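Colleague: Please put the model up, and then we can go through it by question and answer.

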Amino acid sequence: MVGKLLLRGMLAGLIAGIVVFAFAHIFGEPLVDAAIAFEEASAQATGETAEPEIVSRATQAGLGLFTGVMAYSIAVGGLFSLAFAFVHGRFSSLSPRGTSAVIAIAAFVAVVLVPGIKYPANPPAVGNPDTIGVRTELFFLMIVVSLASLVAAIALSRRFSKRFGLWNGAIIAGIAYLVFIGFVLYLLPPINEVPENFSAMVLWRFRSTTLGMHAILWTTLGLVFGVLAERPLAAKSGLLPTFR
């Protein structure tokens, strides 16, 4: 069954990747072009020599973007299916669609929304190349802390639910998660490397578009995988006839 769910998760990731690519190509690439134009203008103003273009911009915005988005989406879909296989029936009494939707929402919050509050996505021309290693480490640290905190909050919710009821236990755990995450956000160092003359509108639209890409990814995964996983799980439980 895990193998079947894994294949369906990767298929859901494939479908999500196609939708995300279309969104990113239409709404994201023009913003990348605007950021690159700013970067080139700044380099010319300071007399810097333009770096040779190893891969053409057309390839980056087309085949390169498609390959990267699809590889990421399919991999995430596979991991999503494994998380579903671990949670469904063990920690969740919801239907396959309900479990899939809850996992997708929780993953979006923990993996995308919370880390993005502290370290939002930046377009080209924003960020010091000398600090890229530190910025990457801090971003992934924020993801790990957020995921670990979410797992702890779920465990806390199950524990308090036995004493205070399901709804109250979930509220207490949710407040604990928010308080701890707020403390972590306060402790981690801020990073602000936006050039002085960079367009605030381009920066805002790039970050909101990036958030939209992730929202599309996790929404599509949650909905599509729930539908794909429903029939094999129903067949396994004897609710549907099986054909050989």
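**Helices, contacts and surface**

Modeller: M10 is found in helix α1; helices (H or I, at least four residues) and strands (E, at least two) are DSSP runs, numbered from the N terminus. This is a predicted model, in which local features need pLDDT of at least 70 and side-chain atom pairs count only at pLDDT 80 or more, while totals for chains, interfaces and linings use all residues. Residues are numbered from 1 along each chain as its sequence is written, and side-chain values use heavy atoms, with hydrogens and water left out.

Colleague: Is M10 buried, partly exposed or exposed?

Modeller: Buried means under 20% relative accessible area, exposed over 50%, and partly exposed in between, with a 1.4 Å probe and protein chains only. The relative accessible area of M10 is 35%, so M10 is partly exposed.

Colleague: Which helix gives the most to the nonpolar patch?

Modeller: Patches are made of residues with over 30% relative accessible area and no salt bridge; like charges are joined within 9 Å, and nonpolar side chains (Val, Leu, Ile, Met, Phe, Trp, Tyr) within 5 Å. V2, L6, L7, M10, L79 and L82 make a nonpolar surface patch of about 540 Å², the area coming from the Shrake-Rupley method with a 1.4 Å probe, where for residues only the protein chains shown count as cover. At least two patch residues come from each of α1 (2-45) and α2 (57-87). With four residues, the helix that gives the most is α1.

Colleague: How many helices does the chain have?

Modeller: Read along the sequence, the pattern is α-α-α-α-α-α. The chain has zero strands, and its helices number six.

Colleague: Which residues does V69 touch, beyond those up to four places away in sequence?

Modeller: V69 is found in helix α2 and counts as buried because its relative accessibility is 9%. Contact means heavy atoms within 4.5 Å. Leaving out residues up to four places away in sequence, V69 touches G17, V20 and F21.

Colleague: Why does M142 count as buried?

Modeller: M142 is found in helix α4. Leaving aside neighbours within four places in sequence, M142 is in contact with V114, P115, K118, Y119, I181, V184, L185 and L188. M142 counts as buried because its relative accessibility is 0%.

Colleague: What separates the C-alpha atoms of L150 and V109?

Modeller: L150 is found in helix α4. Not counting residues up to four places away in sequence, L150 touches A106, A110 and Y177. L150 and V109 are 41 residues apart along the chain, and their C-alpha atoms are separated by 9.2 Å.

Colleague: Which residue forms a salt bridge with R135?

Modeller: A salt bridge is a side-chain nitrogen of Lys or Arg within 4 Å of a carboxyl oxygen of Asp or Glu. The structure holds one. The pair links distant parts of the chain, 58 residues apart, with R135 in helix α4 (residues 132-164) and its partner in the loop between α5 (166-187) and α6 (200-236). The closest N and O atoms are 3.3 Å apart, and the partner of R135 is E193.

Colleague: What share of the contacts in the chain with a separation of 6 or more comes from residues 24 or more positions apart?

Modeller: Buried residues make up 34% of the 244 residues in the chain. Among contacts with a separation of 6 or more, the share from residues 24 or more positions apart is 82%.
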